Amino acid sequence: MKSLILIIITGALINNVVLNQFLGICSFLGVSKQMKASASLGGAVIFVITIASAVASLLYDYVLAPLGMDFMKTIVFILVIAALVQIVEMFLKKTSPGVYKALGIYLPLITTNCAVLGVALTNVQDGYNFIESVFSGFGTAVGFTLAIVLLASIRSRIREEDIPAPLRGAPIVLISAALMSIAFMGFSGLSF
Amino acid sequence: MQIIIITTLVIAVIGIVVGAGLVFTGKKFHVDVDERESAVRECLPGNNCGACGYAGCDALAAAIAAGNASVNACPVGGAPVAQKIGEIMGQSAEAVEGKVAFVRCKGSCDVTHNQGNYVGMDCRSAVLAGLNVTDCTYGCLGFGSCAAVCPQDAIRVVDGVAMVVRKKCVGCGLCVKACPRGLIELVPASKRVIVQCSNKDRGPQVKKVCSAGCIGCMLCTRQCESDAIHVSNNLASIQYENCTQCGKCAEKCPVKVITPPPGV
């Protein structure tokens, strides 16, 4: 139990997927303009990464590893995750239109997000079993949500500030993201 | 050699399983959507840019099919796409005509008097501070707040007056909202004869502040054969649906305020 909590904290804070491993930067910068949109995307990412790590872990443990197809894991994971997200999207559209409305438009965006693939590959690299993979995926996705919601709130503050003209727009966002990344480096000192 | 065969087979099996899964879920969880919605979605460009103000092409298609958005709501697709969507939605080509923004002020530096030279303002703060840049209290302030919000870079401030470059304008209407004096309106793209003034003062007062302003003399209304131009509040205005673009009002106008728009 202790190790599972540790995996979540590691994924969310110490090895934050955006601010420490620099994965999923595109949607991190792109969808952080509005707090509401970024929170919805965060919810969709938690949903997708948790499911994707579970499926990827099963696939690796029971198909790829026994057959010695370790080298194909990247391609297989891309294939399966992309299809999985599509299926989940269709499923949601039919069964719960409310959830689909909230997350729906972000699901296709996440299909090819490198954070999703990155988590699946890191899980395999770290030798996690099924349960550990799911928890690691969940923790990482929570870390992504945390980062994007934090950036969205910083950007809403930035909008009201008098930023020097050359730094307006994208530059100040990148600087903010860099400062956040430095702040998150502080977590690497955590030890248990 | 063996590993290559195994790999190929396994990937093929995974591909087939995944593909079959997609087809199965697609059928099983098929949601009936408005036929027109999917037809409209087919016509839209599909790059999900969000320039229409909706979350993406799917959202816009749903809004058009539900009648909440106009058939020419996609600024990227322009007239050809609007035409196609108009056919699907059963609206005539007339209704799908695009609109462009037009600045209803002609008060450039040589026809009106500048009260001062302000630097580093925008239009809204000038209005809040109660500044009249020119003598005219209705006219363009020339700080270019409209140009700043224009996503197409279609508005230029020339000689103290904002003007729209029609070729670039997509009729999104952001400038209409940005102008604190409400000078900008969206006009049908084919219309060339437009009253280029917003001053509602009486003739003599207009004359004092601007030599190009509408003085409300009613000469234009008498010229018009199709009952399209009227003067209310000392200001001529054209009903575009009646206007035949004959240009007789523009010929007769003593201050030449009815003009083909600049930058055409």
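This is a predicted model: local features need pLDDT of at least 70, side-chain atom pairs count only at pLDDT 80 or more; totals for chains, interfaces and linings use all residues.
Is B:Pro45 buried, exposed or partly exposed, and how many other C-beta atoms lie within 10 Å?

Figure 1. B:Pro45 is partly exposed, because 13 other C-beta atoms lie within 10 Å, and a residue counts as buried with 20 or more and as exposed with 12 or fewer. When residues up to four places away in sequence are not counted, B:Pro45 touches B:Cys57, B:Cys74, B:Val76 and B:Gly77. For one of these residues, B:Val76, the separation from B:Pro45 is 31 residues in sequence, while the C-alpha to C-alpha distance in space is 7.4 Å.

**Figure 2. Two loop residues of chain B with positive phi.** B:Asp153, which is not a glycine, has a positive phi near 55°, and it is placed in the loop between helix 6 (145-149) and strand 2 (155-158) of chain B. B:Asp153 is exposed, because 9 other C-beta atoms lie within 10 Å. B:Gln245, likewise a residue other than glycine, has a positive phi near 65° and belongs to the loop between strand 7 and helix 10 of chain B. Because B:Gln245 has 14 C-beta neighbours inside 10 Å, it counts as partly exposed.

**Figure 3. Helix 1 against helix 8 in chain A.** Chain A has nine helices and zero strands, and this view shows two of those helices, helix 1 (residues 2-14) and helix 8 (residues 130-159), whose axes come within 7 Å and cross at roughly 35°. The crossing of helix 1 of chain A with helix 8 of chain A is right-handed. From helix 1 of chain A, the residues that meet helix 8 include A:Leu4, A:Ile7, A:Ile8 and A:Leu13, and their partners in helix 8 of chain A include A:Phe135, A:Phe138, A:Gly139, A:Val142 and A:Leu146. Sorted by class, the residues of this contact between helix 1 and helix 8 of chain A are 10 nonpolar, six polar and one charged. Within helix 1 of chain A, the buried residues are A:Ile7, A:Thr10, A:Gly11 and A:Ala12, and helix 8 of chain A is included in what covers them.

**Figure 4. Nonpolar cores in the two chains.** The largest nonpolar core has 51 residues, and those with the most contacts inside it are B:Val103 and B:Val164. Among the elements of chain B that give two or more residues to this core are strand 1 (99-103), strand 3 (161-164), strand 4 (184-188) and helix 8 (203-209). A second, separate core of 47 residues includes A:Val48, A:Tyr60, A:Ala115 and A:Val124. As background to these views, 39% of the 192 residues of chain A count as buried, and for the 264 residues of chain B the value is 34%.

**Figure 5. Where chain A touches chain B.** Across this interface, 16 residues of chain A are in contact with 16 residues of chain B. On the side of chain A that touches chain B, helix 4 (residues 73-95) of chain A gives the most, with 10 residues. That side of chain A has, by class, 12 nonpolar, two polar and two charged residues.

Key. Residues are numbered from 1 along each chain as its sequence is written. Chains are lettered from A and ligands numbered from 1 in the order in which they are written. Two residues are in contact if their C-beta atoms, placed from the backbone, lie within 7 Å. Helices (H or I, at least four residues) and strands (E, at least two) are DSSP runs, numbered from the N terminus. Ala, Val, Leu, Ile, Met, Phe, Trp, Tyr, Cys and Pro count as nonpolar, Asp, Glu, Lys and Arg as charged, and the others, Gly among them, as polar. A nonpolar core is a set of buried Ala, Val, Leu, Ile, Met, Phe, Trp, Tyr and Cys residues joined through C-beta atoms within 7 Å. Axes are lines fitted to C-alpha atoms, for helices over the stretch in contact, and angles run from 0 to 180 degrees between N-to-C directions. A crossing is left-handed if the near helix is turned anticlockwise from the far one by less than a right angle, and right-handed if clockwise.
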